[in-house]
Amino acid sequence: MQMSQKHNMSYEAVQNLGSCCFLQSENLDYYSSSDNSSHATYPSVRTLEQYCTLESSTKNIFPSLNSPTTVSFSPNHSPLSKLQPKSYVLSSHSSLEITNDSIENESCLTHNDNELRHKIRELESAMLGHDADILDMYDTVIPEESDSFLLEAERWKKMMEMISRGDLKEMLCACAIAVAGNDMETTEWLMSELRKMVSVSGNPIQRLGAYMLEALVARLASSGSTIYKALKCKEPTGRELLSHMHLLYEISPYLKFGYMSANGAIAEVMKGETEVHIIDFQINQGIQWVSLIQALAGRHGGPPKIRITGFDDSTSAYAREGGLEIVGERLSALAQSYNVPFEFRALEVAPTEVEIKDLELRPGEAIAVNFAMMLHHLPDESVDGQNHRGRLLRLAKCLSPKIVTLVEQESHTSNLPFFPRFVETMNYYLAIFESIDVALPRDNKERINVEQHCLAREVVNLVACEGAERVERHELLKNWRSRFTMAGFSPYPLNSFITSSIINLQQSYQGHYTLEERDGALCLGWMNQALITSCAWR
């Protein structure tokens, strides 16, 4: 029997949770399964959005034969096709059907119940063979109250077995399903059990589990946007947050990988240029451009003039405790120390509203556009129907850039429904927490701060927020390829020198980091989980 993809996802979700969830009867519809031209009707699981609510009953799913049944015969003793209301008959194509027709010819020969049932079974066996056994399931009345009681008892038995196994991922998924189904009794009970198992100083899944649990609490309270209240932790000062962000940059290769590969592509394509204009749509603290300024300073024939136009974001502004002029001053001082002509301009307009005239392009400049961990923050089509990502890429194409660089998280959360997004978030961030586990001890206070203030806020946004409040909307590399291609760009493969530099970076970190080349793009991962992709376009 084949089920639709939606049905299959829902069924798998239930299976993976140890069959601890049961479906309400109103969440069942019917589908048919064929076998040698005969078919029987079975209940099928509805869409994933139902999430298997844990209050269930199968009452009224199957009609019952609980009233006297009669069969009529014609004068030549051939059975007529009409049975009493709510009886089962066999149609011309040997399928089981229900008919509500009334009895015809009241003067026909009538048999008692036992003889009637015997004759019906003979007819069924002759026409259906072994498939007639399917009818046995309809021959008894389903006791509604006792059935509901048994299902409830079985449900709690499954739940207790799940808890005894101590599988934290399984319990988090069960809790997410209960939240999605608005099953408050099960949600509160599972949350109380989960609080005994999670810890911000435990192993990776225990640490991540602590934040995912608080994200579920925040979702119930509709407080996902007030992230630090949801996480029950003190909001850091700007200086503290900047320190946490810098430590994350140092202990993991993810941002360095993205920045290094993007800068390598820019430096290569700008070899013969005397004026370079870099448009960075999310400049953060400007760390990316330190190594590029240093590299161009030593270029044969002298460095070019570098002009950077930077866009800000609220988190980075809070961390630096000031506007982009702080970034401009730091980069200007660095460029001056390397004798590199430099100019910096901060742009106040939002990327979703920017126009070409805002960029103040100049003749003779070679333009590079940089999208580093930024595009996934733009609303996609599922939020308000507007294609902000496509619009910005088309605007970039109108600039006739020599190169466009893209660095993004390799995750699919953009338009997924809640539960599959919950699972995707858990798998993705668990890999990051595992990689940090190698770099810093579990009881290290700085590690706790990094995870709490730099990573947990993303987890809470993904799990607790919906609509415009959810700003973390990642897409996979294949989706970004489609968007860039539709905007008129073609891939610019990263050369072997850049790849070898990234390999050296990877090998300088402990743990199970992986590096893979995919059609000219580079993908950095942890074990079998891809995490960050970097590619270039022109």
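1. A word on terms before we start: helices here are DSSP runs of H or I with at least four residues, numbered from the N terminus. Please also keep in mind that this is a predicted model.

2. Let's begin with helix H4, which covers residues 168-180 and so has 13 residues by the DSSP run. Its first and last C-alpha atoms are 18 Å apart, close to the 18 Å expected at 1.5 Å a residue.

3. Is H4 enclosed or open? Eleven of its 13 residues are buried, so the helix is largely enclosed by the rest of the structure. Among the buried residues are Leu168, Met171, Leu172, Ile177 and Val179, and Glu170 is also on that list.

4. Both ends of H4 deserve a look. Just after the helix, Asn182 takes a positive phi of about 60°.

5. Now to the second largest pocket, which holds about 490 Å³ of space. Its lining is made up of 22 residues, and Met260, Asn263, Gly264, Ala267 and Ala295 lie nearest the centre.

6. Which helices supply at least two residues each to this lining? They are H9 (254-269), H10 (288-297) and H18 (496-507). H9 gives the largest share, with seven residues.

Methods. Residues are numbered from 1 along each chain as its sequence is written. This is a predicted model: local features need pLDDT of at least 70, side-chain atom pairs count only at pLDDT 80 or more; totals for chains, interfaces and linings use all residues. Side-chain values use heavy atoms; hydrogens and water are left out. On a 1 Å grid over the protein atoms alone, a cavity is a set of points where a 1.4 Å probe fits but cannot get out, and a pocket is an open set with protein on both sides within 12 Å along at least five of seven lines; lining residues have an atom within 4 Å of a point. Grid points are joined across faces, edges and corners, and a volume is the space filled by probe spheres set on the points. The expected span of a helix is 1.5 Å times one less than its number of residues. Buried means under 20% relative accessible area, exposed over 50%, partly exposed in between (1.4 Å probe, protein chains only).
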